[in-house]
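Here are my notes on this one, for anyone opening it for the first time. Have the view ready and follow along point by point.

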Amino acid sequence: MKKTNLSDYDPTAVPSGQPYTVAVVAAEWNPEVTDAMLEGAVSTLRQNGVKPENIRIYRVPGTYELTYAADTLAELDSIDAVICIGCVIQGETRHFEFICQAVSQGLSNVSLANHKPVIFSVLTCDTMEQALDRAGGRHGNKGVEGAIAALKMLRFTDIAVSLP
């Protein structure tokens, strides 16, 4: 059976976010999409125990700028994970391909270089309708999914660093 709401999750499988500080960086471009995703991420973090004062929200001009912001924040000892929220919609030129490739590779590199979870909550859609469907519409909210992924990866990190 095909899932239609990708944000459905088992709340009992989500670790508590109580001990963590999470940065959420959202692109200003396509705000009708990124604002909804940001709201989904923040509310999900709060629902799962992250204290409001431990949720740090930052805005950057566009999706391309997420990589620099994530790297800057991931270098801080006070930040445990970074959730990156953006939306790139296919246009008539190859610009879409360059942005998507640079951001996906860049955020992966930031995570590996800083040994911290850096979550890719970036929509790469053909149409605005597809983006809205994934920003609180019929396919859920990619911001919610990013928050859940961050909490699960923080728990994984805690377990991994305690291994002999």
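1. Start at A26: its bridge partner in β3 is I85. The two strands involved, β1 (residues 22-27) and β3 (residues 81-89), pair in the parallel sense over five bridges. Pairing here needs at least two DSSP bridges between the strands, and the elements are DSSP runs numbered from the N terminus, helices being H or I of at least four residues and strands E of at least two.

2. A quick word on what you're looking at: this is a predicted model, where local features need pLDDT of at least 70, side-chain atom pairs count only at pLDDT 80 or more, and totals for chains, interfaces and linings use all residues. Residues are numbered from 1 along each chain as its sequence is written, and side-chain values use heavy atoms, leaving out hydrogens and water.

3. Zoom out to the sheet: it is open, has four strands in the order β2-β1-β3-β4, and pairs in parallel. At the edges sit β2 (55-60) and β4 (118-125), each pairing on one side only.

4. Now the helices. α1 lies across β1, β2, β3 and β4 and runs at about 155° to β3 (contact means heavy atoms within 4.5 Å; angles run from 0 to 180 degrees between N-to-C directions, with axes fitted to C-alpha atoms, for helices over the stretch in contact).

5. α1 (residues 31-47) also meets α5 (residues 142-161): their axes come within 6 Å and cross at roughly 40°. Among the residues making this contact are M37 and L45 of α1 and V144 and L151 of α5.
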